[in-house]
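Work through the exercises below with the model open. Each task is followed by a solution in steps.

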Amino acid sequence: MNQEDATRTANDLFESWGPFLLRYAVRMTRSFEVADDVVQEAFLALFRDLREGKRIDNLKAWTLGAVRNQVRKHARYLRCQAEELESSDALDLMPARPRWPDVAADFDDDAPLGLSVLSCREEEVLLLRLQSFKYREIAGKLGIGTKSVCTLLARAVKKLQIASRSARNGELARKPVRSEVPDALQ
Amino acid sequence: MHCSDEQLLAHLDGELSAFSSRRVERHLKSCWRCRTRRNACEQEIQRLTIAVDEWPFPPPGWNRDAAQRLNRRLRECESGFASSPVPYIRRFAFPVSAAALLLCLSGWFLWTRGPHARLRPAEVIAQVSSVERTIYVQPVQQTFSVEIAEIRPARQTVNAKLQIWSDRDSGRFASRLSAPGGALKHALWRPASDAEFVYRPAVTAEVLKQRPHREETVSLESLADFGLDPAELERAFMHWLESRSWNPISFASDISRFAAEDGSLATAERIRGQDGAPMIRITAQRRSRKMVAVLTVEVDSRSYWPRLQAIRFETPQRAIEFRLAATSIQPVRRTEMAASVFHPEPNVAREIRTVRPVLPRHEAPADPSTYERPAGVLAIDPRAVEARFVLHQAGACLGESVRVSEETGGTRVVRLDNEAASYRCELGLDYLLSALSDLRRGQPVPGDAAGTRTVALRHAWAMRRLGEDFPALRIADLPPNSWQMLETMLRDHTSAVRRELDGLGLQRSAGSMRRPGNPAWRASATVLFGTLTHLNELLLGDSAVNDPALSVAAINRRLDDILGSFALESGRRNTAIR
């Protein structure tokens, strides 16, 4: 594919699909800056492959896969850094290891969706379903079964129902403790 | 039964099968609770969808800003992309590497399998063996030109022609070794698997019908067992022919037997034959303390057809080569192969002496005073008797393992399992080793079966060999001590057989040396042979004679005959000397 076609394809897709990918990446990484980088990198990779003439059937699914790979890479980086920090003697003098990235609260609190009650996998499935992916497509993308997708979705909806009922009744929704790195992506 | 959350959600999403969907639909019509849950679920989805649409994320300016940044990065990427050869490398990497791999593979194939490839002896031997198997599975006629060339100390050549007819399926076989003039030197005939005839004119003018046997084929190296003289080598070749178990001559099996099965001791090279045809020569060498033996096999390089087999024996004093060149190897149809070639020829087989199953009749005693050794019969060397006696004392004639070592002025023979049984003689090491090798040919191995029967059989075999190796006509001129040695050996064996017969618990006839027996040693040897064959049958249990006691009595009589005839022979000799 020549440069013009590749640029146009990437730009068109970014306009329609970029916001969702950013939301998805933010939910996964809990960091706006990291999510922004991840999305940019995913589109750059798409551009490179288009220029090299590789055949890509489903552009949305391809970029989602690229974002997932980038998020996984980022999670691995975080884990390595955490191990290095733990093994360092200098850390004995430090009061506490800062959570990094410590921005999760921003996105949990200002999110009107109440998605924080969901597990990573449930949230991932729900976000994809909100983009009108079929169960089969979600299952193929996440590498799980169609029945699992149905179960995760039903569980997510149930949790959200309970959370919104509690919110209506003025109670605080129970917030599950989530690790810094999403389990499903480790 | 109410619907599950999953069923309700899948129904809402249209992901249920038509059957399940209809069932859920029917249930929802009748069930308030499930319908309420379905509606609640739908409401939640609706709320979520609206919330997502209204969610002010990403921030309003992000889209434009991010698109600009993306375009900038795309341009950077494109500039690097245009100047970098990586895309082209990636595009052409697979075809180029595939072509290179193909080139390497074809080069390797040509190098290892092509006409100039390095030859692997094991593979060549396997190919020759495969070709020979294909030929010899059908009736075949082979003609070889035999050449025994003495190189050192004198240069002389003995030529002969060897013809072989073999029909493996019907068990028929014939071989003829003839001199250049056509005179028959040696012949084997096997018209059927139960009849075998051998003609050895150097030993006897008669065609001998022998008991059907199958010996283990021996290596070509055994050609040196008789000595390195052309005549001795020819005699050894005749023995070798008799030991081939009625198979056509196979160069592949000979070289693999000589050079180890995997061909690890052999080398292979490409040569040009005398007619300029490309050939492959396989060479294997065996080196012993006394001698070097080099076996060479030449085959056609394209068809692997056998052409020539030669074995060369070298010692510091002597060098001799035995060559077997294939003149023709032709598969023949069974119908075209004349049955007469498998039968002794009428002009040769004037008298076929049958040695079994009928026991030989006694010949009339000859008058001792008129006895004279016919002219032209070679006398036996007294050293042969002495060598045999030493080996007999050490138990080698019964198949026991012995060690022969050289010492000052003679040779020592020690029985391996009994170091005290050590015997010395003044014969040379070579001579004694040669005698031992001769004795070992066809000898039953001790330990393959235990018990009285095998012990008796080994003694029987030793007596038979004595009869064969020292016939009366050839021992007449022996000195008295040789006669004593012969008699001692014979008495040892007969008394051992008698002991074993006593061990069977059967009554035997009383008295020994009661009858004078057959005075001619050669006839006695025949009697001995027949007797011991009979004994063999009896002890193996396949005798036609039903009464073992009678058989044992008959055997005892035969043993008496043997000793009696020997004593008579000895007495006649003493009379003649006086």
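From the N terminus on, chain A runs α-α-α-α-α-α-α. The model is predicted: local features need pLDDT of at least 70, side-chain atom pairs count only at pLDDT 80 or more, and totals for chains, interfaces and linings use all residues. Residues are numbered from 1 along each chain as its sequence is written, while chains are lettered from A and ligands numbered from 1 in the order in which they are written.

**Exercise 1. Describe the make-up of chain A.**

Step 1. Chain A has seven helices and zero strands. Helices (H or I, at least four residues) and strands (E, at least two) are DSSP runs, numbered from the N terminus.

Step 2. Of its 186 residues, 33% count as buried, that is, with 20 or more other C-beta atoms within 10 Å of their own, C-beta atoms being placed from the backbone.

Step 3. Take the contacts in chain A with a separation of 6 or more: 69% of them come from residues 24 or more positions apart. A contact requires C-beta atoms, placed from the backbone, within 7 Å.

**Exercise 2. Find which elements of chain A give two or more residues to the side that touches chain B.**

Step 1. In chain A, 31 residues are in contact with 30 residues of chain B.

Step 2. The elements are α1 (3-29), α2 (32-51) and α7 (146-168) of chain A. α1(A) gives the most, with 10 residues.

Step 3. By class, this side of chain A has 16 nonpolar, eight polar and seven charged residues. Nonpolar covers Ala, Val, Leu, Ile, Met, Phe, Trp, Tyr, Cys and Pro; charged covers Asp, Glu, Lys and Arg; the others, Gly among them, are polar.

**Exercise 3. Work out how α6(A) and α7(A) are arranged.**

Step 1. The axes of α6 (residues 135-142) of chain A and α7(A) come within 8 Å and cross at roughly 105°. Axes are lines fitted to C-alpha atoms, for helices over the stretch in contact, with angles from 0 to 180 degrees between N-to-C directions.

Step 2. α6(A) is therefore roughly perpendicular to α7(A), a term for angles of 65 to 115 degrees.

Step 3. Tyr135(A), Arg136(A), Ile138(A) and Ala139(A) of α6(A) make the contact with Thr146(A), Val149(A) and Cys150(A) of α7(A).

**Exercise 4. Trace the pairing of β8(B) with β9(B).**

Step 1. β8 (residues 278-287) and β9 (residues 292-300) of chain B pair in the antiparallel sense over nine bridges; pairing needs at least two DSSP bridges.

Step 2. Ile282(B) has Val297(B) as its bridge partner in β9(B).

Step 3. A hairpin of four residues joins β8(B) to β9(B).

Conventions
Buried ≥ 20, exposed ≤ 12 C-beta atoms within 10 Å, placed from the backbone. Contact = placed C-beta atoms within 7 Å. Parallel < 35°, antiparallel > 145°, perpendicular 65-115°, else oblique.
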